[in-house]
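Please keep the sequence and the structure in view while reading.

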Amino acid sequence: MCIRRLFRSSDLQQAWRAASLRCIQCWWRGAHRRTHSGGSAYRAVIFDMGGVLIPSPGRVAAAWEVQNCVPSGTILKALIKDGETGPWMRFMRGEVTTGDFLQEFGRICSEISKTSVPVDSFFSLLTSEQVTQQFPVMTEAISQIRAKGFQTAVLTNNFYVSSGKSFFPLDRSQFDVVVESCLEGVCKPDPRIYQLCLERLGLQPCESIFLDDLGPNLKAAASLGIRTIKVDDPEIAVKELESLLGFSLHWHIPNTCSVRRSMEIPKDALEKYLKDLLGTQTTGPMELLQFDHGQSNPTYYIRLANHQLVLRKKPPGTLLPSAHAIEREFRIMKALANVGVPVPRVLELCEDSRVIGTPFYVMEYCPGCIYKDPSLPGLEPSQRQAIYTAMNRVLCQLHSVDLQAAGLGDYGKQGDYLPRQVQTWTKQYRAAETSTIPAMERLIQWLPLHLPKQQRTTVVHGDFRLDNLLFHPEKAEVLAILDWELSTLGDPFADVAYSCLAHYLPSSLPLLKGVSDRDLTQLGIPTAEEYFRMYCVHMGTPPIKNWNFYMAFSFFRVAAILQGVYKRSLKGQASSANAEQSGKLAEFMSNLAWDLATKEGFRVFKEMPAAKPLTRSYHTWGGPWSLLSPKGTRSYSSVPHAPPAHASKGVLVFSVEGLSPWARDLYDRLQRFMEQHVFPLEPELQRHQASVDRWTPSLLIEDLKEKAKAEGLWNLFLPLETDPEKKYGVGLTNVEYAHLCEVMGMSLYAPEIFNCSAPDTGNMEVLVRYGTEEQKARWLTPLLEGKARSCFAMTEPQVASSDATNIEASIREEDAFYVINGHKWWISGVMDPRCQLCVFMGKTDPQAPRHQQQSMLLVPMDTPGIKVIRPLTVYGLDDAPGGHGEIQFENVCVPKENMILGPGRGFEIAQGRLGPGRIHHCMRLIGFSERALALMKARVKSRVAFGKPLVEQGTILANIAQSRVEIEQARLLVLKAAHLMDMAGNKAAALDIAMIKMVAPSMAYRVIDRAIQAFGAAGLSSDYPLAQFFAWARALRFADGPDEVHQVTVAKMELKQRT
């Protein structure tokens, strides 16, 4: 299909770029071969192997030395040592075994570098498939040379490998003569080996051209009268060879290349089959090339006598269910041709796998133009408009086909196209899955819940795109619609949306170019909205509102296709040489699909009718022991009768009553644990925190941790998006966790008890998201088990750290280590004796772009050079045992493998870490506020002043009312942000996260302040948690970004919005 065809071989990309300036000749149009004038005296081309046909040993060595920290030039010096009598030349003459050579060669390398050199590793790389792939430009040239009747030969200094065979990784059938030094006992530049090659070719020296990358070898050949070409760059060398031979060495069938080894088919059997089919008795050779597009079903160009054909076949190997149905391609094109839809003329379907190994069909090769670049470079705006209009009209023609008249009434199931497609592509993705793609997991849940109702059933192409259309070379007319593999009966709007994929892709995207960043008005290309309206006018169909759903589904399907291509590439079954690149694109496409799904969700949300006044469950608490009493509650839910299974996925759950049964059970168990174990021990925990032993972890806390773990109330914080397989956490969504986090926020000690306290939560999420398996094994596991604590070092005293790009701490690369120097402070958790890990942020490249200067390292706290200067206090509170420390890092050496994600990715990681961290703080602040308000209410009911209870004072009543309103407002905003994080991801929820970080700390600060005021002097004491709540609320107006930073963020995003 077209998506797959875009992965073309690198050696043709330059030609493609040039060809994109005009209408590109299609699959089915062959160009006349340029014929040689006959004036050339050359009859053969002789190639060296290393450095000409494959990478040279010197180039391989240079890269290997860098990777293995071997002094540059060591291998090359060892190769040339002692000249003709050295180990390398003797090895290539076959005079020593592989083992003896490696032993002597290793000794020489070690002497040169003054260190041990693993030459076995170099030799393995030198002879591996990884570096012995023939240069495509040379493969192409050899094929063209032989097609002109010239001889080809390889003359190589070669050696034996351990199997006893000579090292020759090339296809010998490309050459008439192969001369290898290890077999002949003589090496270049000895003239005898050149003469031997000429003898076997039966030629005189002046009748041959010799290509080599080494001067001495070329000089020896030239001295014999052989014409020589020095190869520094294979592309340039081929151009020089073309000038000598007088004909082109590039393919003349556009978009084709030689048949790749993994895609070869039996030519003799195919030729016999075609001669029987066509009734021709020609004795000329059959020409067979492979189209460089066609990621799914391999496609071939065939010239046999005067016939030019195209063959499509199933790929080899085990295939995904229902994929690669070439039988359906054949049927649909044959049927549509009979009703006037422009399609290629098919000749015959062969389902006998004995012919070429798989079923195939044959069609005629047709002339025409394919436009690969959707921006249509080289055309006038009016021409571009006409091309897109023709594309739109032919799609309308397809969707207007009478199914019964065309004999296609049973070509697919009637109705429910989208549900079946979502299910099919989900299965295809699961079958091809190689690693977890979070956006695909979200889409797999979201798409079935938002399916539109199908209005019409028509033939759908399934892959309708500009570059799947063959145009008339002189006018805007579609001559043929290509690539019918995904065709069926279904919802026509799916085709319309799919044809607009390019409108959402950037022009810079590798291989899959788009126009999203181009000025379409200036180009003359209709926007996606204009294109869709054009279709609706042509069809007489009213526009639909849920366009974004169709686009989200289209990109979901593309992602699934690309993942399948990638999986096949790992097995060597993909028909494109560049199929491996599809793995990276699959994740990009799924993220784009999720962005569109989010827009569709916003549209539905905005169109929802206003709900009836509802209530929310909250508690009239009198003291810490009665916090969980169900008495005195009122409840509401925005969806009181919503199915529980959906409550936590696609719907914003305002209250615990709307949680899924599983999440609600966790909530209830958490409440019971808090009531039975946490609140009763708070006085004792507070006394320990104020004692001389406060820097030693409380045994009560450790005991409660074990109980929480035993009850399954452990590591609740990791969102389902980050941990879809629930390997590390329980699998709560952000909305679900918000309700539980509020409960934990009612006690200062609770988050640690459930292993849900900062900064460990943020650090663990960083390791889950970005850590290597080795990093996870060493650091994530003990953190998840609660056996270790951690800290996060970013803030610095010398600079305004509210701007993370200001940080000055340095990370300098030195041999196998990074060396850290810097001064950090307000490092929460660093004072804890259990703190074993510091996630350190510093600058690796001050000259890089502003947001690519920083990197993050995992620094063991026992590394020499880390000095804790002092603990810091917040309003006199030292927050033992974790505390907040000031630290000096002096020449701290950390192994390179401790780098997270890679150099220059620190700011990216910090942003990913702060999103969840910020919302966790806000969730806990809601708990602070509810606890403070509950304590305030209990206090004012029990105290009398000026002759009447405080609860009857007007100012007190006003304060209670104001606190309730502010808590409810903040909670709703927090839940909305959590909902967006679940449905759209952290990036899409950035505005809402910034808003809650502005709102929640200030709200809690005010609510707690009112409670302190109602308590009087007691509110300032440690007898109640209010003073510590107050200190934390105030501190959180700085932590994870000061209010001003979030205000600027919100304002800028607000000003960007359209009015």
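Is Cys 922 buried or exposed? Cys 922 is buried, with a relative accessible area of 0%. Here buried stands for under 20% relative accessible area, exposed for over 50%, and partly exposed for values in between, computed with a 1.4 Å probe on protein chains only.

The model is predicted, so local features are reported only at pLDDT of at least 70 and side-chain atom pairs only at pLDDT 80 or more, while totals for chains, interfaces and linings use all residues. Residues are numbered from 1 along each chain as its sequence is written, and side-chain values use heavy atoms, with hydrogens and water left out.

**Overall composition**

The protein has 1059 residues, of which 57% count as buried. It contains 34 helices and 26 strands; these are DSSP runs numbered from the N terminus, with helices (H or I) of at least four residues and strands (E) of at least two. Among contacts with a separation of 6 or more, 73% link residues 24 or more positions apart, a contact being heavy atoms within 4.5 Å.

**Nonpolar cores**

A nonpolar core is a set of buried Ala, Val, Leu, Ile, Met, Phe, Trp, Tyr and Cys residues joined through side-chain atoms within 4.5 Å. The largest one has 102 residues, and those with the most contacts inside it include Leu 336, Phe 471, Trp 484 and Met 551. Helix α21 (residues 547-571) gives the most to this core, contributing 14 residues. Domain 2 (256-367) and domain 3 (381-606) each supply at least three residues to this core; the domain bounds come from an automatic or database domain assignment.

Leaving aside residues up to four places away in sequence, Leu 336 touches Val 341, Val 343, Leu 398, Val 401, Leu 408 and Trp 484.

**Cysteines**

A disulfide is a covalent bond between the sulfur atoms of two cysteines. With the criterion of a pair of cysteine sulfur atoms within 2.5 Å, a search of the whole structure finds 0 disulfides. Two cysteines illustrate this result, as the table shows.

| Cysteine | Closest cysteine sulfur | Sulfur distance | Relative accessible area |
|---|---|---|---|
| Cys 396 | Cys 536 | 8.7 Å | 6% |
| Cys 922 | Cys 741 | 9.7 Å | 0% |

Cys 396 is itself buried.

**Backbone features**

Most residues other than glycine have a negative phi, and most peptide bonds are trans. The model contains departures from both patterns. A cis peptide bond joins Ala 758 and Pro 759, with omega about 0 degrees, and Pro 759 lies in the loop between α27 (750-753) and α28 (760-770). Ala 880 and Pro 881 are likewise joined by a cis peptide bond, with omega about 5 degrees; Pro 881 is found in the loop between β23 (866-872) and β24 (884-895).

Positive phi values occur in residues other than glycine. Leu 376 has a phi near 50 degrees and is found in the loop between β13 (369-370) and α15 (381-399), where Leu 376 is buried at 1% relative accessible area. For Asp 483, phi is near 60 degrees. Asp 483 is found in the loop between β16 (478-481) and β17 (488-490) and counts as buried at 5% relative accessibility.

**Helices and their buried sides**

Helix α16 (residues 417-432) has 16 residues and reaches 22 Å from its first C-alpha to its last, close to the expected 22 Å, a span given by 1.5 Å times one less than the number of residues. The buried residues of α16 are Tyr 417, Leu 418, Gln 421, Val 422, Trp 425, Thr 426, Gln 428, Tyr 429 and Ala 432. They cover an arc of only 165 degrees around the axis, so they lie on the same side of α16; the arc is that of the directions from the helix axis to the C-beta atoms.

In helix α7 (residues 119-126), Val 119, Phe 122, Phe 123, Leu 125 and Leu 126 are buried. Their arc around the axis is only 160 degrees, which puts them on the same side of α7. The elements covering these residues include α3 (57-67), α4 (74-80), α5 (87-92) and α6 (98-113).
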